[in-house]
Amino acid sequence: MLQPLAQPYIIEVFWNPKILDRPYVLIAEPTIAPRPGLEFADIPHLMFNALEPTRSGLCLFDPAGREWTPADLIADTTIDWTAEWLTYYELWHLTGEWLGPSVGYESVGRLRAEQARAVRSMIQNDLGTQDGAGAA
Amino acid sequence: MSKFERFLTTAALDGVLLDIAIQIEPSHADRRITENRYRRLKEHLERPSSALAPYLKAGRHLIYAQGSVATSTTIINGADDDRFDIDAIVEMDVPAHWSEHDMQDILEKALQGFPGVVKIVRCTRCIQLQFPFMHMDVTVMDRARPLAVERAGTIPHAPDEGKSYRVASNPWGFTAWFRSVVGVGQDNFVEQLRKRRAISSRSRLRALDDMETKLAKAEQVDLPPMIPSAIDAQEAVALKLAKRYLNLRYEPLDRKRPPSIYLVKRMGTVGYVAEGLTGQLVVFAESTAAIMRQHLAAGTRPAEENPSYPPDKINDRWPAQGMDGRRDMQLFAEALEHLAQKLRRLARAPLTEIVAGMSELFGERVGAGLKKVLAEQFDTRAGSPPNQVQTGTGNVKAPALVKSSPDVRAVPRHNFHRLILDEDADDEA
């Protein structure tokens, strides 16, 4: 159990170095949810489980930044980062902004939206080129 | 979750309530302007042309702050107007032939022409000076008849209609009692208050003229203080919150809320609650509601006295007599029970619910201000120092507010990331 602010949470931490490359943290109670009008993929900084979104874990560090290795104690890293994630999650619900340090796209939802925008842009540019040259 | 209850704290809600209290209290600059208003009151009443001047004997009369300013519980009213309400006593030897109405008449005459006053209003027991963002209630206290208790006297009760009479009073003694029971505040609490004030205190009062501006800016004024030093005790802060809540709760009702002096007496009697500011408010609200319920069941009414001077009856005008009084006590009990229940719930609630709850209890603008304060406290995107976390509970503390302690440590540096767990796609995108 963690109480990062006022709301207490029950968390589950899964770690098996033979199977996982990092601890998998789930928020068991109360379950996390998106802001009104948004989807689960829009919740920032998840290890998004596309097959079962409500079982998505938390993405707590940047592997490329070597911020965690199996030699690090979960109690000193993962647990503290989970408490911080929950703090920023509540602030995100309140303000609409993720106020914690992060890298890359904030959420899978934003990543997908950006990818979709890039594809639409490419198609429109391609159509524009064909029209200009005269379709074959 | 009940098996974990004994590990849970109210630290987060305590912090939020502190932030709220800072939004509704006068700033340090406001206090300096207020100090100057009292000084000007003294000068104005003592000027040679003042109607009171012939009766103010050097070394025999005193003009001083009482009420919320003296007990450090002044707040922005919040209900019908954004203003501070402060009180002053003119302690003097009233001529034996003066009636209660004479006391009011001459005080009202002496206050005419006070600089910066927008309006002067005659009330039953005081004359009210109305300034922008401030009302000052001035009361004459007669100490002509020697009394066994120092600084005790009588004040006039002079309604427009009905009987007038004298009321036993010792505001100086009451303030001394309250200040003695709460002290100057617990070290940790005072430090938290100081840190949060540095971030979000704001001033409201504007100097009336150049003289007030000059005095307000002066760091050292070679004049005796007119206002007692501030008390940063948990009890005083809880009183600010209780008063604000009750102001808003009673605003749409056609009934008077209990006088502030009764709330101060109750809080002083409750004493310091070690569990924190939330606990202080909950214990105050629940114990006072219980007292109201006991009186309702017994058909009696509260009869609190000034501990420094028992003839000074705190409940002489509230609750009302008879059935009106029962209604007064019922409403007050319901208001306090609502406050306690709400705080108990919010002590275990997410931030969105806390902010909505604070708006309901203490005002919409306060809720909006709180949202901004919380965002500023915890925004660590741009290279701020790391948050701190309490071991054992996972309680996260904003870097600017944390006090170094063996059970608190910095969160290891990291960046939140995201990835997709998908059977076919790459992990990292």
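Reply: Between chain B and chain A there are 28 residue pairs in polar contact, with both residues at pLDDT 80 or more. A polar contact is a pair of N or O atoms within 3.5 Å; within protein, one must be able to donate a hydrogen and the other to accept it, and residues adjacent in sequence count only if both atoms are side-chain atoms. The model is a predicted one, in which local features need pLDDT of at least 70 and side-chain atom pairs count only at pLDDT 80 or more, while totals for chains, interfaces and linings use all residues. Residues are numbered from 1 along each chain as its sequence is written, chains are lettered from A and ligands numbered from 1 in the order in which they are written, and side-chain values use heavy atoms, with hydrogens and water left out.

On the side of chain B that touches chain A, helix H12 (351-362), helix H13 (364-378) and strand E13 (419-421) each supply at least two residues. Helices (H or I, at least four residues) and strands (E, at least two) are DSSP runs, numbered from the N terminus. By type, the residues of that side are 24 nonpolar, 10 polar and 10 charged. Here Ala, Val, Leu, Ile, Met, Phe, Trp, Tyr, Cys and Pro count as nonpolar, Asp, Glu, Lys and Arg as charged, and the others, Gly among them, as polar.

In all, 44 residues from chain B and 53 residues from chain A take part in the contact, where contact means heavy atoms within 4.5 Å. The two chains bury about 4,400 Å² between them, with 61% of it on carbon and sulfur atoms. In chain B, the residues that lose the most area to chain A are Phe416(B), His417(B) and Arg418(B), together 19% of what that side buries. Buried area is the accessible area (1.4 Å probe) that two parts lose on being put together, summed over both.

Strand E13(B) also pairs with strand E3 (residues 46-49) of chain A, in the parallel sense over 3 bridges; two strands pair if DSSP finds at least two bridges between them. In this pairing, Leu421(B) has Asn49(A) opposite.

The interface holds 3 salt bridges, each a side-chain nitrogen of Lys or Arg within 4 Å of a carboxyl oxygen of Asp or Glu. One of them joins Arg409(B) to Asp80(A), with the closest N and O atoms 2.8 Å apart.

Over all chains, the whole structure has 31 salt bridges. Among them is the pair Arg197(B) and Glu25(B), with closest N and O atoms 2.7 Å apart. Arg197(B) lies in helix H6 (residues 187-200) of chain B and Glu25(B) in the loop between helix H1 (11-24) and helix H2 (28-46), so this pair ties together parts 172 residues apart in sequence. Arg197(B) is partly exposed at 23% relative accessibility, whereas Glu25(B) is buried at 3%. Buried means under 20% relative accessible area, exposed over 50%, and partly exposed in between (1.4 Å probe, protein chains only).

Back in helix H13 of chain B, Glu376(B) and Lys372(B) lie 4 residues apart, about one turn of the helix. Their side chains form a salt bridge at 3.2 Å, N to O. Glu376(B) is partly exposed, with a relative accessible area of 43%, and Lys372(B) is exposed at 54%. Elsewhere, salt bridges that share partners join Glu25(B), Arg197(B), Asp232(B) and Lys240(B) into one network.
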